[in-house]
Amino acid sequence: MTVQDIRTFNRFYTNVIGALDYSRQLYAPYTLTESRVLYELAHSPRTDAADLRTELTLDAGYLSRILNKFEEDGLVERTPSARDPRRVHVTLTARGRETAALLAERANESVGALLASVPPADRPRLSEAMRTVREILSDGRAPRREDVVLRDPSPGDLGWIVQRNAALYASEFGWNADYEGLVARIVADFAEDHDPHLERVWIAELEGRPVGCVMCVRDEAPATARLRLLLVERDARGLGIGDRLVRAVIDFARGVGYRELVLWTNDVLASARRIYQRHGFVLVGEKPHRSFGKDLNGQDWRLDLHGTPG
């Protein structure tokens, strides 16, 4: 292979993407670069302006102008970082999340149009070829925290949540099908009736596959949200995915006006409990029970969203 071979392929692929109108029409009223910044704010753990600049290799002045435009449009809020007042923390507003989701939906539709032109019999071969390119050019590099993307669920992801919860908890804790039934009811209730402005699901994706999830739903108590179904696949642990998923729920719940965030778990889930404690949750009650074929100790945890730092 020569340099010219790679450049030829790059020109070919750029033309293919160009045929899908990756231009101002697709991202209107924002440019491709502005849309990429929105994407990073919606999916990246780096939300400081300095980190955004490094991640996207953007000129500081250019990024500042983009963020000024976003702030004028009501898409972001900028505040001094709690960790370092010299740094600027950038957060998407509810309108910013809606805009990022709209741009992502347009991009998905465009790529879907391209995929529709590929005969079904050729799609596995195309997928394997793309995976091969990633693996070779990454030089066997182990996954990094920044490789993980948090996104909204796609078709099939809610079913994945049920299947992986059932399989993982059966494997790790010996829970029976009663737990799968509980998860299925939770997911079905969300799918059939939820308020997208007040309730949300996140999927953690690594190298094109889901590796984690969490839900934020309304609780029966006034102004209270409930965190549910936090899960991280075994082979994806150690990348901070659980922390990011819990942080996403906290930021969302606080941003839409909930005053409290609650959750129910069991004391055998030690790793999850440590995550909750790191984010300020307080144990407010526990009770032994017989569920999922096991004797367990259930725990209720609570987080005061107005009494904890952002």
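This is a predicted model: local features need pLDDT of at least 70, side-chain atom pairs count only at pLDDT 80 or more; totals for chains, interfaces and linings use all residues.
Is Thr57 buried or exposed? Thr57 counts as exposed, at 69% relative accessibility. Here are some notes on that residue and a few other places.

Residues are numbered from 1 along each chain as its sequence is written, and side-chain values use heavy atoms, with hydrogens and water left out.

1. Thr57 and its backbone. Thr57 sits in the loop between helix 4 (49-56) and helix 5 (60-72). Thr57 isn't a glycine, yet its phi is positive, about 50°. On accessibility, exposed is over 50% relative accessible area, buried is under 20%, and partly exposed is in between (1.4 Å probe, protein chains only).

2. Phe292, another positive phi. Phe292, also a residue other than glycine, has a positive phi near 60°. Its loop runs between strand 8 and strand 9 (294-304). Phe292 is buried, with a relative accessible area of 8%.

3. His289. This histidine belongs to strand 8 (residues 282-291). The side chain of His289 makes a polar contact of 2.7 Å with the side chain of Asn266, and one of 2.7 Å with that of Ser291. A polar contact here is a pair of N or O atoms within 3.5 Å; within protein, one must be able to donate a hydrogen and the other to accept it, and residues adjacent in sequence count only if both atoms are side-chain atoms. Neighbours within four places in sequence aside, the residues in contact with His289 include Trp264, Asn266, Lys294 and Asp295. Contact means heavy atoms within 4.5 Å. Between His289 and Arg254 there are 32 Å from C-alpha to C-alpha, with the two 35 residues apart in sequence.

4. The pairing of helix 10 and helix 11. Two packed helices are described by the angle between their axes and the distance between the axes. Helix 10 (residues 241-255) packs against helix 11 (residues 270-278) at about 50°, and their axes are 10 Å apart. That makes helix 10 oblique to helix 11. Oblique is what remains once angles under 35 degrees (roughly parallel), over 145 (roughly antiparallel) and 65 to 115 (roughly perpendicular) are taken out. The axes are lines fitted to C-alpha atoms, for helices over the stretch in contact, with angles from 0 to 180 degrees between N-to-C directions. From helix 10, Gly242, Asp243 and Val246 meet Ile275, Tyr276 and Arg278 of helix 11.

5. His279, in the loop between helix 11 and strand 8. At 15% relative accessibility, His279 counts as buried. The side chains of His279 and Asp243 are joined by a polar contact of 2.9 Å. Setting aside neighbours within four places in sequence, His279 is in contact with Asp243, Val246, Arg247, Ile250 and Leu303.

6. Glu199 is in the loop between helix 9 (177-192) and strand 4 (200-206), and is buried at a relative accessible area of 9%. What does its side chain reach at 3.1 Å? The side chain of Glu199 gets to the backbone nitrogen of Arg218. Beyond neighbours within four places in sequence, the residues in contact with Glu199 include Phe190, Cys216 and Phe252.

Definitions and conventions
Helices (H or I, at least four residues) and strands (E, at least two) are DSSP runs, numbered from the N terminus.
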